[in-house]
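Hi,

Here is the model you asked about. Have a look at it first, and my notes follow below.

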Amino acid sequence: MSNKRPDDMKRITTPELAEAFIEEQIAAIREQVKDGKVLLALSGGVDSSVVAALLIRAIGGNLVCVHVNHGLLRKGEPEQVIKVFREELGANLVYVDAVDRFLDKLAGVADPEKKRKIIGKEFIDVFAEEAKKLDGIRFLGQGTIYPDILESGPVKSHHNVGGLPEELNFELVEPVKFLYKDEVRVVGKALGLPDSMVYRQPFPGPGLGVRCVGAITRDRLEAVRESDAILREEFAAAGLQGKVWQYFTVVPDFKSTGITDGLRTYDWPVVIRAVNTVDAVTAEVAEIDFSLMKKIVARITSEVKGVNRVLWDITPKPSGTIEWE
Ligand code: XMP
């Protein structure tokens with residue numbers, strides 16, 4: 001099949017156009033897979049979620065979704081995937097708790113690129129092991145979108161680790177491969193997915209793993225997860241969700257002294273980064289109301305265990321990348 005978006009394809013900008021696209025894709029998926037089974041790695045990100053929802057409509061129980069919890073997801077994400085896909089949409093969902101396995105493999109590894117490689121390889125291994133346990137799979141669903149094709153060739157690699165291994169060498173089903181991100185969101189909305197899934201900010205494949213600087217430890221990882229949840233909650237309450245391009249917290253691997261209730265502490269800092277960009281190649285720091293910044297600092301220092309200080313990163317890209325690793 002061609003990898004070029006048809007010249008006459010309309011941009012999907014309205015619910016009506018999304019409905020028409022959904023109907024077309026349901027027919028195309030049925031035609032392609034007939035009564036075959038499709039396997040899909042469902043991260044809970046926009047692209048894989050939209051593909052899952054389309055496939056559920058098209059083939060129901062012949063779709064098998066695998067959600068791998070590698071322990072580096074944001075607070076509430078695995079629960080949301082289970083609630084939306086298993087409970088509300090009735091998906092055939094295999095949930096794999098691989099938290100210990102990932103954290104054991106990552107223990108003591110400080111180099112950012114080594115961390116990425118381990119996370120990517122482990123993800124593929126876990127997914128391939130699940131695929132092996134299932135009988136009769138002939139197709140692999142993929143949340144490839146058009147920018148993935150334009151930028152990096154036909155197969156979207158999970159967590160940036162190149163091609164797929166032999167045991168995952170199934171025929172691909174890629175129903176959103178000609179869509180741009182904004183169109184995927186319009187389709188997701190029309191499919192009834194929650195706003196928190198459809199409009200979520202970009203989240204790197206290695207997840208919180210690259211925001212827990214250096215060798216990942218469970219205490220700092222929890223501090224990243226909890227502080228990120230507070231930041232997202234406060235940004236959402238202030239109406240900034242979907243307005244600021246990307247915002248997150250980082251926990252470095254050094255401590256500083258502080259004082260709480262008259263007692264000296266020696267704890268981790270949390271770094272906050274909030275940026276706006278068009279293409280992630282360059283980025284500007286988002287200007288946030290100072291009273292909101294102070295409120296977030298107060299919440300993080302009082303609610304997050306092991307944290308006594310908050311730093312706000314106001315470095316543009318360049319010279320800083322968006323992520324800290
Ligand atoms: P940087 O840090 O390079 O980030 O300025 C640019 C955008 O890419 C995201 N990012 C990643 N996404 N795997 C991903 O899937 C990665 O390893 C990765 N590293 C960075 C980052 O969140 C930002 O949106």
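In this predicted model, the side chains of Glu183 and Arg5 meet in a salt bridge, 2.7 Å from N to O (that is, a side-chain nitrogen of Lys or Arg within 4 Å of a carboxyl oxygen of Asp or Glu). Glu183 sits in helix H7 and Arg5 in the segment before H1, so the pair ties together parts 178 residues apart in sequence (helices are DSSP runs of H or I, at least four residues, and strands of E, at least two, numbered from the N terminus). Glu183 is buried at 0% relative accessibility, and Arg5 is buried too, at 10% (buried means under 20% relative accessible area, exposed over 50%, partly exposed in between, with a 1.4 Å probe and protein chains only).

Another salt bridge joins Glu325 and Lys115, also at 2.7 Å, N to O.

The salt bridge count comes to 25, and Glu233, Glu234, Lys295, Arg299 and Glu303 are linked in a network of them.

As for disulfides (pairs of cysteine sulfur atoms within 2.5 Å), there are 0. Cys65 is buried, at 0%, and Cys212 is buried at 0% as well.

Some housekeeping: residues are numbered from 1 along each chain as its sequence is written, and side-chain values use heavy atoms, leaving out hydrogens and water. Local features need pLDDT of at least 70 and side-chain atom pairs count only at pLDDT 80 or more, while totals for chains, interfaces and linings use all residues.

Cheers
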